[in-house]
Amino acid sequence: MPQRKIRRFYESDAKGIYDEDLIDEVGYGLLARCESFITANRARAGEVPCPKCAQPVRREEVLRCPCGWELRWADYFKTIQHKQLSGAEPVLEQFRDFVNAFPSARTPQEKVLLIDRLIHGFHLYYKTNGPTRPVAVNLIEGRLGDVVAFLDDLSYGEKSTAGTREKLAEWNKNIEVNRNWYPCRREAKPNPRMERTRAVDGTVATSDRDR
Ligand SMILES: [Zn+2]
């Protein structure tokens with residue numbers, strides 16, 4: 001998913017505008033990305049859904065579907081590797097939840113909250129259940145550091161959908177757990193977004209709007 005679409009999505013939301021075409025474009029774009037991710041993980045585990053007829057095909061040196069589709073596993077694998085399409089069960093669960101919930105969301109508010117929750121999700125460390133990488137790196141173009149800097153810079157305002165700024169505060173806490181991973185967080189100088197998030201927490205007086 002291109003960053004510019006996500007940026008527009010948050011800009012509209014901060015102004016209190018529900019652009020339903022844009023919301024659907026972003027939502028269904030993310031849904032397709034989640035589906036690719038789920039399919040790639042299924043394939044790694046040994047079962048490839050046939051791209052022609054969707055029947056499950058067992059992973060062997062050559063993938064062969066009864067419908068006639070055939071491909072060498074090595075060639076199939078090239079289509080899914082190096083694309084940030086790999087993750088453990090907690091991530092798959094978040095993505096499956098989105099794929100199931102988004103098409104049946106009724107109101108634009110519901111859709112916005114589902115999108116917002118999805119892109120602020122985290123991979124979890126299996127031993128402690130603590131947050132590790134943000135799942136946004138699997139959903140939005142760019143390297144890890146770029147994606148975090150990008151999400152740090154999204155627009156929020158008084159008119160943003162209720163719940164999104166709380167989600168941002170939670171995201172901040174989770175990112176801070178591994179702040180040394182992110183160039184945009186490593187510098188000692190306080191991040192203006194952090195100030196805003198503390199404001200959301202209610203511990204610092206709310207200042208003016210960001211954009
Ligand atoms: Zn087939």
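Visitor: How does H2 pass H4, in a left-handed or a right-handed crossing?

Guide: Look at which way the near helix is turned from the far one. In this predicted model, H2 passes H4 in a left-handed crossing.

Visitor: At what angle do H2 and H4 pack, and how far apart are their axes?

Guide: The angle is about 135°. The axes lie 9 Å apart. Angles over 145 degrees would count as roughly antiparallel, so H2 and H4 are oblique to each other.

Visitor: Which residues of H2 and H4 meet?

Guide: H2 brings Leu30, Leu31, Cys34, Glu35, Phe37, Ile38 and Asn41. H4 answers with Leu92, Phe95, Arg96, Phe98 and Val99. By class, this contact has nine nonpolar, one polar and two charged residues.

Visitor: Let me pick one residue. Where is Phe98, and is Phe98 buried or exposed?

Guide: Phe98 sits in helix H4. To judge burial, count the C-beta atoms around a residue; 20 or more others within 10 Å make it buried. Phe98 has 23 other C-beta atoms within 10 Å, so Phe98 is buried.

Visitor: Which residues is Phe98 in contact with, leaving aside neighbours within four places in sequence?

Guide: Those contacts are Leu30, Leu31, Cys34, Leu114 and Leu118. Now take Ile115, 17 residues from Phe98 along the chain. The C-alpha atoms of Phe98 and Ile115 are separated by 8.0 Å.

Visitor: Now H5. How do H2 and H5 pack?

Guide: Read the angle, then the distance. For H2 and H5 the angle is about 40°, and the axes are 10 Å apart. That makes H2 oblique to H5. H2 passes H5 in a left-handed crossing.

Visitor: Which residues meet there?

Guide: From H2 come Glu20, Ile23, Val26, Gly27 and Leu30. From H5 come Pro108, Lys111, Val112, Ile115 and Leu118. The classes are seven nonpolar, one polar and two charged.

Visitor: And H1? At what angle does H1 cross H2?

Guide: H1 covers residues 3-14 and H2 covers residues 20-44. Their axes come within 10 Å and cross at roughly 135°. H1 and H2 are therefore oblique to each other. H1 passes H2 in a left-handed crossing.

Visitor: Which residues of H1 and H2 meet?

Guide: On the H1 side, Lys5, Ile6, Arg8, Phe9 and Ser12. On the H2 side, Leu22, Ile23, Glu25, Val26 and Gly29. Five residues of this contact are nonpolar, two polar and three charged.

Visitor: What does Ala136 touch, not counting residues up to four places away in sequence?

Guide: Ala136 touches Ile119, Val147 and Leu151.

Visitor: Step back to the chain. How many helices and strands are there?

Guide: The chain has ten helices and six strands. Of its 211 residues, 26% count as buried.

Visitor: What share of contacts joins residues at least 24 apart?

Guide: Take contacts between residues at least 6 apart in sequence. Of these, 56% join residues at least 24 apart.

Terms used:
Residues numbered from 1 in each chain as written. Predicted model: local features only at pLDDT ≥ 70, side-chain atom pairs only at ≥ 80, totals over all residues. Axes fitted to C-alpha atoms, helices over the stretch in contact; angles between N-to-C directions. Helix = DSSP H or I, 4+ residues; strand = E, 2+ residues; numbered from the N terminus. Parallel < 35°, antiparallel > 145°, perpendicular 65-115°, else oblique. Contact = placed C-beta atoms within 7 Å. Nonpolar A, V, L, I, M, F, W, Y, C, P; charged D, E, K, R; others polar. Buried ≥ 20, exposed ≤ 12 C-beta atoms within 10 Å, placed from the backbone.
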